[in-house]
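Have a look at the sequence and structure first.

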Amino acid sequence: MTYQPLNLGRWIIWGGAALLFAAAPHLFPGGFALTMLTQMGVMILFALSYNMLLGQGGMLSFGHAVYSGLGAYVTVHALNQIGAGTFYLPVPLLPLVGGIAGLAFGLLFGYVTTKRAGTTFALISLGIGEMVFACVLMFPGFFGGEAGISTNRMVGQPFLGLTFGPGIQVYYLVALWCFLGMAGMFALTQTPLGRMANAVRDNPERAEFVGYNTRHVRFLQLVLSSFFAGVSGALSCINFEIVSAENVSAIRSGGVLLATFIGGVPFFFGPVIGAIVFVFFIVALSGFTKAWLLYLGLFFVLIVVYAPGGIASLILMQFPVIRAGRWRELALPYALAALAGLVALAGLIGLVEMVYRLSDQGVSTVLQLLGMSFDARSAPPWIAFGAILAAGLASLRAAARRVGERWGAIQLELQAQAAA
Amino acid sequence: MKSAIELRDVHKSFGTTKIIFGVSLQIREGERHAIIGPNGAGKSTLFNLISGRYEVSAGRILLHGADITNLQPFEINRKGLSRSFQVTNIFHNMSVYENVRCGVLWPAGYRYSFWHRVGGLRDVRQRAEEVMERIGLARRRNTLAGTLTYAEQRALEIGVTIAGGASVVLLDEPTAGMSRTETAQVVELIRSVTEGRTLVMVEHHMGVVFNLADRISVLVYGELLATGTPEEIRANPAVQEAYLGALHKEAARADGSHA
Amino acid sequence: MASAGLDPLSGPFANVGEQGLAEFRFTVDAINKRGGVLGGRKLEVIGFDNKVSPQESLNQLKRVIDQDIRYITQGNSSAVAGALIEAVNRHNERNPGKEILYLNYAAVDPAFTNDKCSFWHFRFDANADMKMESLTTWMAGQKNIKKVYLLNQDYSFGHAVKKAARELLARKRPDIQIVGDDLHPLGKVSDFAPYVAKIKASGADGVITGNWGNDMSLLVKAGREAGLDVIWYTYYAGGLGTPTAMGEAAAGKVKIIAEYHSNVANNKAAKWDADYRKQAPKGNPDFYFLRGKIMWDMFAKALNQAKSADAKAVALALEGMKHEGELGEVEMRKSDHQLIQPLYIMTLVKSAAKGGPKEAKIDLEGSGLAPVTEARLEAYTSAQPTSCAMKRP
Amino acid sequence: MEFFLVQTLNGISYGLLLFMLSSGLTLVFSLMGVLNFAHASFYMLGAYFAFQVSAKIGFWPALVAAPLLVGAIGMLVERWGLRQVHKHGHVAELLFTFGLAYLIEEAVHLIWGRSAVEYRVPAELDGPLFRIIGSQYPIYRGFMMLVSVTVLVTIWLALTRTRIGLVIQAALTHPQTVEALGHNVPRVFMLVFGGGCALAGLAGVIGGNAFVTEPGMAAAVGPIIFVIVVVGGMGSLAGAFVASLLIGCMQTFAVSLDWSLAGIKISQVAPVLPYLLMVLLLIFRPKGLMGTREG
């Protein structure tokens, strides 16, 4: 928190973000890239709303998809009503419908879940998620059963000449809402409630003794978060033109947790990074390998163990060093560590892929990698990849130690300078 | 004279273990009241009962004549009672300024607002600056609370407690673990920040107690032995016998080891 | 000539997707060996992992479109199929000249060839109502059936089975008592013993169920444990681990309605079946989708007749096409793009190797359970009127 | 009447199985404050190990070997995984086990395939235990109850009569004190975590063949046992016991009832009832049936 009236750094970050949103489809052309970018936008919004709980409020939820999913269901009905001519709203404003629906369900379920904090909250959110998912299949009248509800976003009068038929228009709609949502959620962190949510996360007891009912803080924070989750659900509805049971599923809820945590829970922008990485894993990587789930799981566990601040913390850690002009000293150790990491990764990928070749039905046991082929039924590739992995890990260990030593030394010197 | 706090035959037990046996006590408005007693006498428990941290097993507690028995801590706080903790209980991941501000926000009327920008609240900022000035941490405003020195953290603990302008302030061993010079500073701090308020403190340091308190209550094994002015307490033979004499020696030893 | 197979290739249902893909590749290889299509072009099936998620399927569809592939096939989950039909319709409307054709080999929601029918969608599997039509036609002749119990999964397919069973039984065998009718949440029940106790108490002699996967195997296992003596009339007890999980508990008790099994009489696909088994992946040894072979054969024929790879021309050639399948003539009905084909009711028995009847030669998944024909139902028995109002471009 | 009896027995046997699962979870949670999200995955591992062992040397050795193996894996996980993230707090520990659940499921896919494996009730336990007027009750259900009760009595004895049991018990109520008394808490943690996993593994051994052994079995049972620990009260063994039986019987009897409300039958919502129970309980008794501590 700084109190300069004009914070240049902040302007640069937000301006840069807006520019990136605008330029992304031109940097990555192609229909599939556009789909991925659109989904990243939706996921960014969803993950940020999730971080209002986990990062800012200390609430670990296993059922956040409930709010985005139910928001999406209400949106799809609204869209169909627009199509049928019984309701009028310009399509670009539909995310508001989703947001309000999300908020309404936040009020309803949040009342129950936020009665408790910590681990119990996590379990209750899981139970609510399971219950809602079961209900979605049980009431096909509203939810359309497992097939869900389809819709057509090209309805009503074109809005400012936009029909939202072409994917690029949908992308910019998502980008706009994503940006607005980001700004809104950032603004919320700067309000009394936002700050007290942090206080409740860090020390709920003390918060009670300065006059705050921690339950109310959690409740309001969850309700606001479910508004943005609802907006993201509405955007996903507009993008896919279908809403189905998977929108409220435990897989979605787990996914947003993974994405947010990988990105970095302690930082506002962390989930943005996480959402991008996550969508890349699911949509793009799954086209290359069946083992994407395993890679994602491993990646997540590695982050939990070695970088609980997520990717964002790894990046932000470098800034003080860069500012002090000391990054050159770290360049070589980093390069060595990266190299060792790549070697280990290559070994790991080789082993994992061969395991999948051996176990999966219907595919040959021959692994094609970098133009070479390896037969998983013969021993040599196993030995080779195992050796590569072992060598990679050993050198990574050594390199990491070197990075650690250098890093520690620089930190000490910087601290000494700061004190002096 | 009206009582700021009144305890009427308060009991507390955990399971089958009784900690407080029928304490009745009136603390007058505007007075500085100290509660003393040997370790395990139930002083902190009494604080926890008054501030709503524990539920009362039997009896009533009144704040400015209104019943606050078994209200939630935040409800009691909103009625104008604020407390500090024996073990420093602040927001370690926030700056000094933000810590103090947490204490200011509710009483300033911003409550759960999510439509005010906290940086733009001039009254909150002024009040927080003022508090930081008083507790002598203005220079450390942007330091993370977790990285402060122990004495600074204790000062911040008091700052967070008094920031909201509560009419009744409960301080739980404000000088615990401090050196002699630090203690002297804290005494002055307490004296100045509780000007015009009711202060109740638990304190082991007899110098501090007799220096600050208008009246003193002696709690021994969950029962109130005596209440009175420092002179009365000093002169009370029962207190002398049961507690004070031994404590003086203890305190002297403790002081000696500090030096 | 690439086609895209959109089915789960990772996650819990990957084996289902892989099974389909493996059989399709076998069929397509054979077509290519015969000389391919359109005068020598080779067919190819490329797998796309849709993770049985409607939304992920749409992602993969975008990818398919990016790669300029015009033919897709999919079968697992009606939810996915519904999403794909809508998406293909929209795409074809928004991108004339780049149309996509969708060949459905297993999604059986009746709506796809009724209210939601599409010119761009062709279904090669009998839908849920058609199967029930055939099943009840056969049941009508079984005088020992007196009381049946309906137990289904609580979602669209389960509802469809329940509704069709009630209507059709009331029409064909009004004297059969429906002694119970329950829905249970999909895939959420781990202990079926309470359901079994209830069925037992109802005095039913048969249970009609559309259950699949664990909901199917757990039900039959629980039934055997509690000594429940009923006949199970099922759709999906024949594959995907279910025979393995049910084990010999199921022998003589489970009936399945489908278009093919390996022990069928006069099987012109017998050699094909055997050849497939020789090279089949170890996890999925069975030849399961005869309709898949029929689908690719008819598709190849339509390409050759249309003399063009244009989706619209192929669709026009495909609709109304008659084809001599391995087990009799089949027809792709023009009015709703539903394949009309003969169906079989089979009973699972102990395989010949385990002391069962000698026609039970080939067992399922090596489980010792083998299907034998109970009845063959000619194509016309399952044909139902359609409410489809086909919009042709 | 015999219908009622059979349903009651069904409910109790299922409830006892649930308790075997939830007791391990509760023990670990009480002692370490860690909610093991992968607990149900260890249940699954127990079933698969039992399948593998019983295919090689028979069911009875598997009954002992599989839980021990699972317990050993649990200890390794604690030693080389959880202990590393301990410094980052309970949320990190929970997330670690969450990731672990993903990995275990994928590993099971890889090793044993994606569909059910043929893990059967042994022949000597196959058949009816008794018959009452047409209804029969399977031996295996009886065996499940026997194993559950034996294990529970053993745990109870171990907790109340052995030294380590007393330390664990003390740690349930006063974790800091136990540490202050200088007990080798990390080792106790490792043992308890391994023990909790072994309990889950044993539940897997006897549940895997009664039901079905397949990669989705963990995800199917996981949410229910989490509901049980919430309903029973976090960290309360007695609460978990009551909640397990309650939920086991409730699900069983809901199926038997043909009452309906707004076109939805009670039997239709049976598996959702535990969640409804949880919601109601939270509204009226947020601490759970026998809970004492806040989450």
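**Domains and chain contacts**

Chain A splits into domain 1 (8-308) and domain 2 (324-419), with bounds that come from an automatic or database domain assignment. Keep in mind that this is a predicted model: local features need pLDDT of at least 70, side-chain atom pairs count only at pLDDT 80 or more, and totals for chains, interfaces and linings use all residues. Residues are numbered from 1 along each chain as its sequence is written, while chains are lettered from A and ligands numbered from 1 in the order in which they are written.

**Inside chain A**
- The C-alpha centres of domain 1 and domain 2 of chain A sit 33 Å apart.
- Four residues from domain 1 of chain A and four from domain 2 of chain A make the contact (C-beta atoms, placed from the backbone, within 7 Å).
- On the domain 1 side, that's two nonpolar, one polar and one charged (nonpolar is Ala, Val, Leu, Ile, Met, Phe, Trp, Tyr, Cys and Pro; charged is Asp, Glu, Lys and Arg; polar is the others, Gly among them).

**Chain A with chain C**
- Here 29 residues of chain A meet 38 residues of chain C.
- Chain A's side holds eleven nonpolar, 13 polar and five charged residues.

**Chain B**
- Chain B and chain C don't touch, with nearest C-alpha atoms 35 Å apart.
- Chain B and chain D have no contact either, and their closest C-alpha atoms lie 12 Å apart.

Notes:
Contact = placed C-beta atoms within 7 Å.
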